[in-house]
Amino acid sequence: MKKKRSIPHTYVIIFAIIVVCALLTWILPGGEYVHSEVEVDGVMTSKIAFNYVESQPQSWQIFSALFNGFVRQSGIIAFIFIMGGAFWILNSSKAIDAGIHSFLRWATRLERIPFVRKLGVGNIVIVLVMTVFSLFGAVFGMSEETIAFVIIIVPLAISMGYDSIVGVCMVYLAAHVGFAGAILNPFTIGIAQGISGLPLFSGLEYRFVCWVIVTIISIAFVLWYARKVKRHPEKSPMYEEDAFWRERGEEHGTDVVYHTPFSTWISYGLAVVGMGIMAFLYPVTSMTVGNSTITVPYLIPGLTVLFAVVAALAARKSVHFYILTVLIYSIIYLIVGVMGYKWYIGEISGLFMVMGLLSGIAMGDTGNLISQKFIDGAKDLLSAALVVGLGGGIIIILENGQVIDTILYKLAQGMEGVGQIASMGVMYVIQTCINMIIASGSAKAALTMPIMAPFSDLIGISRQTAVMAFQFEFTSMFAPTSGVLIGVLGIARIPFGKWFKWVWKFILFMVLLGFLLLIPTVTMKLNGF
């Protein structure tokens, strides 16, 4: 009997890619882009030029690159550990289990309505959640923040009869599709248009159309897959691995004891006092949406008063619902912090750390028990953190070998001497390939737009087209260099090989769709193009 071929372990795949990148440093010549400021008609203009330099072939450095990858990705690694510990404290309270079962009971009642039963409650939930996360990605560039939601949405997807892939799609895939089809994303469009000398967020109308199209198609694809999994769960590529989530739901789903210990009110008091201090320090919040800023007076004070009322009512019902309220408000504060105060993973880590502590105190846990639970949670995500660090070694090898700029330069040369649509296509292919190397949208904009924007002038293509070819970064959804992707898969317990095998056809379709959406920017007169 022929032995079934197994998919290589994620660590094996990443190390193999590092070795291939090291081999490239022996084959490709070294090179670097040099930025300079020159005066043109009395105006200082930034110019970029490519120079060949001596290459730095990498050999034994593939092993030190593993360490340096951990250093480079230390922020995301620390974020994963802290989030894992905080959510372990929260999960041990069985609050999420109580919330999921309450939701399922509510969904069962909704199914009595003929219209809702025809649509399917699960389908409605998938559409709503994916639309929200796609909008977050399109407006303020949600990316790293999706890691925090995976722990919540994946168990929900499992409990609704789907698999962990559906859960990841509801959060990560939706946010990334929105990120690629961005409307007001300051980290991609804002930087790329600024470098290209375009009015910030111009061409909004067509971008909105593109976002609607890619979001609808993504939701339709996930709904199709979710329906297939729900009908035949054993056909899911994650059926065996998802036993972890199913067993955890079975273990904790039926033994929730609803009660409200006195410690819940201690946690409640600490939360209200803390939020009250925040309300005093930040009475006015300026929410940034794209290039627009909306001043919202008394936003945090209002949230504080609302929390005091809602959390008190929830605590009277059970400590579990109080903790769920803390979780919901943590998510609300995450959105306010990101849009109003430029929070990043450091501040978000602190937010979830507070959430975990309040949950532990509410359950009456001692300091030692809270610490032990935190350690258990961090250990549970050790594998995810290791993969993120290993993936960082790929870029380290390419940078230290002085070949990453050479790769960019050689790709750019491939656009010379072809027609407008063909040039646009080559530009798009180059940006699509670069997504596999450079996962950061802002870093890719800084590297490529100084080349692509002037080149678009030479071939008679709008600079807006060059920006859109840059922003359609669908291929980074399976790039092993993406710390966010690897972190999400690690938390969801999805092997990289299985994710790649599942998602590549969808990404290929989205890449082709992106090319079709770029054609009107060349052949039609669009506002802002």
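Among contacts in the protein between residues at least 6 apart in sequence, 78% join residues at least 24 apart, where contact means heavy atoms within 4.5 Å. The structure is a predicted model, in which local features need pLDDT of at least 70 and side-chain atom pairs count only at pLDDT 80 or more, while totals for chains, interfaces and linings use all residues. Residues are numbered from 1 along each chain as its sequence is written, and side-chain values use heavy atoms, with hydrogens and water left out.

**Overall form**

The secondary structure comprises 23 helices and four strands, taken as DSSP runs numbered from the N terminus (helices H or I with at least four residues, strands E with at least two). The radius of gyration of the protein is 24 Å, close to the 24 Å given by the globule rule for 529 residues, so the protein is as compact as a globular protein of that length; the radius is taken over C-alpha atoms, and the rule is 2.2 Å times the number of residues to the power 0.38. Along its principal axes, the C-alpha trace spans about 70 × 70 × 50 Å.

Of the 529 residues, 53% count as buried, with buried meaning under 20% relative accessible area, exposed over 50%, and partly exposed in between (1.4 Å probe, protein chains only). The accessible surface comes to about 23500 Å², of which 68% belongs to carbon and sulfur atoms; the areas come from the Shrake-Rupley method with a 1.4 Å probe, and for residues only the protein chains shown count as cover. The mean positions of the 33 positive and 28 negative charges are 12 Å apart, where Lys and Arg count as positive and Asp and Glu as negative, His and the chain ends not being counted, and where a charge is placed at NZ of Lys, CZ of Arg, CG of Asp or CD of Glu.

Since 20 of its 23 residues are buried, H14 is largely enclosed by the rest of the structure.

Helix H12 (residues 262–281) holds Thr264, which counts as buried at 0% relative accessibility. Not counting residues up to four places away in sequence, Thr264 touches Ala315, Val319, Tyr322 and Ala362. Ala271 is also found in H12 and is buried at 7% relative accessibility; leaving aside its neighbours within four places, Ala271 is in contact with Phe307, Tyr322 and Leu358. The C-alpha atoms of Ala271 and Thr304, 33 residues apart along the chain, are separated by 9.2 Å.

**Helix H7**

Ile158 lies in helix H7 (residues 146–159) and counts as buried at 13% relative accessibility. Beyond its neighbours within four places in sequence, Ile158 is in contact with Asp163, Ser164, Asp242, Trp245 and Arg246. By contrast, the C-alpha atoms of Ile158 and Phe374, 216 residues apart along the chain, are separated by 24 Å.

**Positive phi values**

Most residues other than glycine have a negative phi.

| Residue | Phi |
|---|---|
| Lys94 | near 65 degrees |
| Lys342 | near 55 degrees |
| Gln402 | about 60 degrees |

Lys94 lies in the loop between helix H3 (74–92) and helix H4 (95–110), whereas Lys342 follows H14. Gln402 is placed in the loop between helix H17 (382–400) and helix H18 (404–413), and Gln402 is partly exposed, with a relative accessible area of 27%.
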